[in-house]
Amino acid sequence: PTPPLRMTVEPQTSAIRPFVVCAVLRDCTLGERAYNSFLDLQEDLHRNIARRRTLVAIGTHDLDTLSPPFRYTARPPKEIR
């Protein structure tokens with residue numbers, strides 16, 4: 001079995017975004033059309049339900065290109081590269 005992954009939420013982030021949800025999809029392959037459709041849906045959610053990302057931010061990442069530890073942190077826009 002694969003060991004569980006953990007997301008650490010920085011204290012200052014909790015004040016801005018009090019809820020964090022993470023999901024890992026395994027053994028799931030998306031073709032180009034399905035992947036693009038998924039990204040379109042994500043953008044629609046950002047624009048509408050998330051009110052242009054003021055309420056919710058959704059990230060999609062290829063877990064094969066990342067490694068723990070995973071941290072959810074907030075920074076002023078000028079500090080983001």
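Residues 24 or more positions apart account for 62% of the contacts in the protein with a separation of 6 or more, a contact being heavy atoms within 4.5 Å. The model is predicted, so local features need pLDDT of at least 70 and side-chain atom pairs pLDDT 80 or more, while totals for chains, interfaces and linings use all residues. Residues are numbered from 1 along each chain as its sequence is written, and side-chain values use heavy atoms, without hydrogens and water.

The protein has two helices and two strands, in the order β-α-α-β from the N terminus. Helices (H or I, at least four residues) and strands (E, at least two) are DSSP runs, numbered from the N terminus.

Overall values are as follows.

| Property of the protein | Value |
|---|---|
| Radius of gyration | 15 Å |
| Span of the C-alpha trace along the principal axes | about 35 × 35 × 25 Å |
| Accessible surface | about 7600 Å² |

A compact globule of 81 residues would have a radius of gyration near 12 Å; the radius is taken over C-alpha atoms, and the globule rule is 2.2 Å times the number of residues to the power 0.38. Carbon and sulfur atoms hold 55% of the accessible surface, computed by the Shrake-Rupley method with a 1.4 Å probe, where for residues only the protein chains shown count as cover. Buried residues (under 20% relative accessible area) make up 9% of the 81 residues.

Phe 38 lies in helix α2, residues 32–47. Phe 38 is partly exposed because its relative accessible area is 36%, between the 20% limit for buried and the 50% limit for exposed.

Terms used. Buried < 20%, exposed > 50% of the residue type's maximum accessible area, 1.4 Å probe, protein only.
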